[in-house]
Amino acid sequence: MQFHSQSIRCFPGNPLRNLGLGIFRESHIFLSGISEMAPPILSLALPSETGRVLSIQSHTVQGYVGNKSAVFPLQLLGYDVDPINSVQFSNHTGYPTFKGQVLNGEQLWELIEGLEKNDLLYYTHLLTGYIGSVSFLNTVLEVVRKLRSVNPKLTYVCDPVMGDEGKLYVPLDLVSVYREKVVPVASMLTPNQFEAELLTGNRIDSESKGREACNILHAAGPSKVVITSINIDGSLLLIGSHDKEKGKPSEQFKIMIPRIPAYFTGTGDLMTALLLGWTNKYPDNLEKAAELAVSSLQALLQRTLSDYKRAGHDPQSSSLEIRLIQSQEDIRNPQVNFKAERYN
């Protein structure tokens, strides 16, 4: 049974008053029938201290990758997050099969137009992850421009998902779009080693080359760069760089990361979300933000590894779905076990 606001009034003698609809009150039933004023969007009228994030990433029904890996942690850290799913799949593509739909650029823009027509386009942050086509990425650039026309201070955090360990996941055409168009408008960039090499055109085979890559990316646009994983002579590390003031050397640091003999899905998406969350809380201290993000992630990975072993599964026999829900406290209040070491 459907009630329409124009047809229901609580006046004496209205038979609907006697149908057990005690939840309705005469003074404010179906306000849309009395006034065309919409209620305020509380995330705009009473914004959180942290911010409001638009997250454009992939989505899976089962498992934690893309938005499924990013939205919940950001919410735990106090952010209002509005997700747009660039794809909706049954599961991630590492399974034997998957089914689902892919959003195209026109459909993305239609969603943005819907938000705009209702004055809902004010965001403090834009977060993007995996994008599979040039047309969609070009539309994302239009989204950046649109959001900054509403809020010129918008922070754009970009995880330029293109590949890993020498293997490209996306069409080659996307590399030049990221390099020439996306990097210049990003506020923070979180590539892995391979992606940083693609964006700079330089091989990273030493810490100094990693630091140099950060400076090249700074010169192109973003003030914050975190190369989330670099493999050098068997050692794994993160290199972060904050270009606080043009013309002065950027503040750079590294965090050593333990090697875990397993492959996890969704970790890059989670890491970028955590970096967004903590850098906004510590805008002038990228080192601290990275320490918190790495410590959260490593605690979650250890829990995931332990739980698979408890279930009798060999962690090295397949990719592992991360234990996101079970790691809420490690996300909210991480114990900092991984410290940054600043470069001179």
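Angles under 35 degrees count as roughly parallel, over 145 as roughly antiparallel, 65 to 115 as roughly perpendicular, and the rest as oblique.

First, the ground rules. This is a predicted model, where local features need pLDDT of at least 70 and side-chain atom pairs count only at pLDDT 80 or more, while totals for chains, interfaces and linings use all residues. Residues are numbered from 1 along each chain as its sequence is written, and side-chain values use heavy atoms, with hydrogens and water left out.

Now the helices. α3 covers residues 105-117 and α4 covers residues 134-150. They pack at an angle of about 20°, with axes 8 Å apart. Axes are lines fitted to C-alpha atoms, for helices over the stretch in contact, and angles run from 0 to 180 degrees between N-to-C directions. So α3 and α4 are roughly parallel to each other.

Who touches whom? From α3 come Gly105, Leu108, Trp109, Ile112 and Glu116. From α4 come Phe136, Thr139, Val140, Glu142, Val143 and Lys146. Contact means heavy atoms within 4.5 Å. By class, that makes six nonpolar, two polar and three charged residues.

On to the second largest pocket. A pocket is an open set of points on a 1 Å grid, with protein on both sides within 12 Å along at least five of seven lines; lining residues have an atom within 4 Å of a point. The volume of this second largest pocket is about 210 Å³. Of its 13 lining residues, His125, Thr155, Lys224, Thr279 and Asn280 are the closest to the centre. Helix α8 (267-281) and strand β5 (155-158) each supply at least two lining residues. α8 gives the most, with three.

How values were computed. Helices (H or I, at least four residues) and strands (E, at least two) are DSSP runs, numbered from the N terminus. Ala, Val, Leu, Ile, Met, Phe, Trp, Tyr, Cys and Pro count as nonpolar, Asp, Glu, Lys and Arg as charged, and the others, Gly among them, as polar. On a 1 Å grid over the protein atoms alone, a cavity is a set of points where a 1.4 Å probe fits but cannot get out, and a pocket is an open set with protein on both sides within 12 Å along at least five of seven lines; lining residues have an atom within 4 Å of a point. Grid points are joined across faces, edges and corners, and a volume is the space filled by probe spheres set on the points.
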